[in-house]
Amino acid sequence: MFSINFNKKNTVIFIFFKSILIISWAVVVLLPFIILLSGALKVNESIYSLPFRWIPKNPSFDNFIYVIKEFKMLNYVFNSIVVMSLTVALQSCVCSLAGYSFARLNFKGRDKIFLMCMFVMMIPYTTSIIPLFIMMNKLKWINTFLPLILPQGLTYAYGVFIIRQFCTYIPNSYEESAFIDGANQFEIFFHIILPLLKPALVSVAILGGIGSWNDFMAPLIYLQDQSKYTTQIALRFFTGQFTSDYPKLLAAVAIAVLPVLALYFMLQKLFISSYMSVGIKG
Amino acid sequence: MKNNKIGYLFISPYVFGILAFSVFPILFNIYLSLTNKKFIGSSEYIGLTNFTNLFNDNFFISSLRTTLLFALFATSLLTVIPLMIALLIHDNFPGRQFFRSLYFMPIIMSAPAIAAIFIFIYDRDYGLLNQFLGLLGKAAWLGNEALAVPSLVILAVWHQTPVNFVLYVAALQDVPEDIIEASVIDGAGLIKKIFYIVLPTITPTIFLILVTTVTFQMQQFAYPAILNGGRFGTATLSYYIYQTGFEFGKFGYSSAMSLFFSLIIFAIMLVQWNMKKKWVHYNS
């Protein structure tokens, strides 16, 4: 590992300078989180004070209780969880089958098809929103969760990419010996490959899950009943509602952010390595 | 292995999905862009009228301008800043893991969530940014067209730095040790080390970051939607396309716009790929 330092005597000054920068960026990163917490806990006190009061006078969870009881925030969180779980489940199945096939099975046109799929995925999503809406309308799927789950679940290119990459590291010997033992391709896939894919599937689940949780455009377009809103759409709705009571909006944001944050604290390494794996070999 | 026709079966859900939800919509979009289809009512073929109307549409031009400026500045900063931070914490020091995990946090927040928080940060009279800059009562970040792009850029940089930061951290680990040591023996200082060895080695990563970051910023939709509903100059083209289709009901016109939008993005990508040979080195 090379070192970011000058070679000579200025090392101490340089280390001091570096430390200031490192801590400064840490502060910049933390600020919005602190504002979120501080504001959400403010009751009977204006968030609009000069200078900004970092520690609330009488911190209380009233805003959270209000947002949960009167504005049914947990309903929206539940909706998001449902959509996310179904999407991730579908993605895991489709991506593992496809990723393995593109990596290991030989069939005519395999690589061409793979390239075509990757190419198509690069086309901006905005081009599809209106046609998709018209299609979903014909299918009578408007105002259901189906348009949120099926397109993302069936066409998760990142997932296919990750699984395919991972499969190239599985030694051929596993499949070959099973083949010799008389197993057919189905059995090889389900009993040998799938268990081996677990680490990669975790990455796919994390990336796909977060993508689904954070999805904003699709729920915005398709969900019309307020009861069906997902967390992100609820936030947009609240942004219009709470213009005069900002702490309540922040309480809603805190609830929206909490599940992912909690998951992150528990699985840090997994999160970071999932994001990294998309960047392998450009 | 022999010819596994079963492969076709295994990839069929994925390929079906791509055909149904990506390929078909694009083709349908091309058809729609040549009509004047509205949300309610019949549609007639009007040829390229939608496209010619684009150039007389002031809001199209202004949202395109906002999008291009935003993409330009956000991408530049999002390419450079994460690299600087990755270099900053490259050395092993106690607490390095902690800071790495900390620096990853912003991207955990969804775009609507962080944009909601920034509504307050950007407040003209009480917001933290103005408190920090001493511009209270003066700089209306979300109420002034001149400040629209900066407000989007600041938000994007805070939110998305971790994505590229992580890629740079991984790339820096692959910088060959021996070349660095040889250069130190030759008396190379820090600047030389960075510019002549580190940067050339990580050019593939820089390229990947440039391409993905630009594409993502060009399509930015959630930030303007939450910050102030696309008013005062924050509307990106993505947002205007959405508005035209789903708020104004002009499906045909919106489709034409998004087609034109795709062409712009492709053009940018083409330029980037063509320039790739000139500066990206693999396995130097």
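**Pockets, cavities and helix contacts**

Trainee: What is the volume of the second largest pocket?

Mentor: Take the terms first. On a 1 Å grid over the protein atoms alone, a pocket is an open set of points with protein on both sides within 12 Å along at least five of seven lines, a cavity is a set where a 1.4 Å probe fits but cannot get out, and lining residues have an atom within 4 Å of a point. Points are joined across faces, edges and corners, and a volume is the space filled by probe spheres set on them. For the second largest pocket that gives about 620 Å³.

Trainee: Which residues are the closest to the centre of the second largest pocket?

Mentor: This is a predicted model, where local features need pLDDT of at least 70, side-chain atom pairs count only at pLDDT 80 or more, and totals for chains, interfaces and linings use all residues; side-chain values use heavy atoms, with hydrogens and water left out. Residues are numbered from 1 along each chain as its sequence is written, while chains are lettered from A and ligands numbered from 1 in written order. The pocket is lined by 18 residues, and the closest to its centre are Val28(A), Leu31(A), Leu129(B), Phe132(B) and Ile154(B).

Trainee: Which element gives the most to the lining of the second largest pocket?

Mentor: Helices are DSSP runs of H or I with at least four residues, strands are runs of E with at least two, and both are numbered from the N terminus. With 6 residues, the top contributor is α1(A).

Trainee: How much space lies in the largest cavity?

Mentor: The structure holds 3 cavities of 30 Å³ or more. Lining the largest are Ala86(B), Ile89(B), His90(B), Arg96(B), Arg100(B), Val169(B), Leu172(B) and Gln173(B). By class, they divide into 4 nonpolar, 2 polar and 2 charged. The space is about 50 Å³.

Trainee: Which element gives the most to the lining of the second largest cavity?

Mentor: About 40 Å³ lies in this cavity. Its lining is Ile272(A), Met276(A), Arg100(B), Phe104(B), Phe165(B), Val166(B) and Val169(B). That is 6 nonpolar, no polar and 1 charged. The most, 3 residues, comes from α7(B).

Trainee: How are α10(B) and α13(B) oriented to each other?

Mentor: Axes are lines fitted to C-alpha atoms, for helices over the stretch in contact, and angles run from 0 to 180 degrees between N-to-C directions. The axes of α10 (203-218) and α13 (251-279) of chain B come within 11 Å and cross at roughly 170°. Under 35 degrees counts as roughly parallel, over 145 as roughly antiparallel, 65 to 115 as roughly perpendicular, the rest as oblique. The two helices are therefore roughly antiparallel.

Trainee: Which residues of α1(B) meet α5(A)?

Mentor: α5 (129-138) of chain A and α1 (6-33) of chain B have axes that come within 8 Å and cross at roughly 105°, which makes them roughly perpendicular. Contact means heavy atoms within 4.5 Å. By class, this contact has 12 nonpolar, 1 polar and no charged residues. Ile130(A), Pro131(A), Leu132(A), Ile134(A), Met135(A) and Met136(A) of α5(A) meet Ala20(B), Phe21(B), Phe24(B), Pro25(B), Phe28(B), Asn29(B) and Leu32(B).

Trainee: Which side chain meets Asp91(B) in a salt bridge?

Mentor: A salt bridge is a side-chain nitrogen of Lys or Arg within 4 Å of a carboxyl oxygen of Asp or Glu. The whole structure has 6. Asp91(B) sits in the loop between α3 (58-88) and α4 of chain B, and its pair crosses to helix α1 of chain A. At 2.6 Å, N to O, the partner is Lys18(A).

How values were computed. Nonpolar A, V, L, I, M, F, W, Y, C, P; charged D, E, K, R; others polar.
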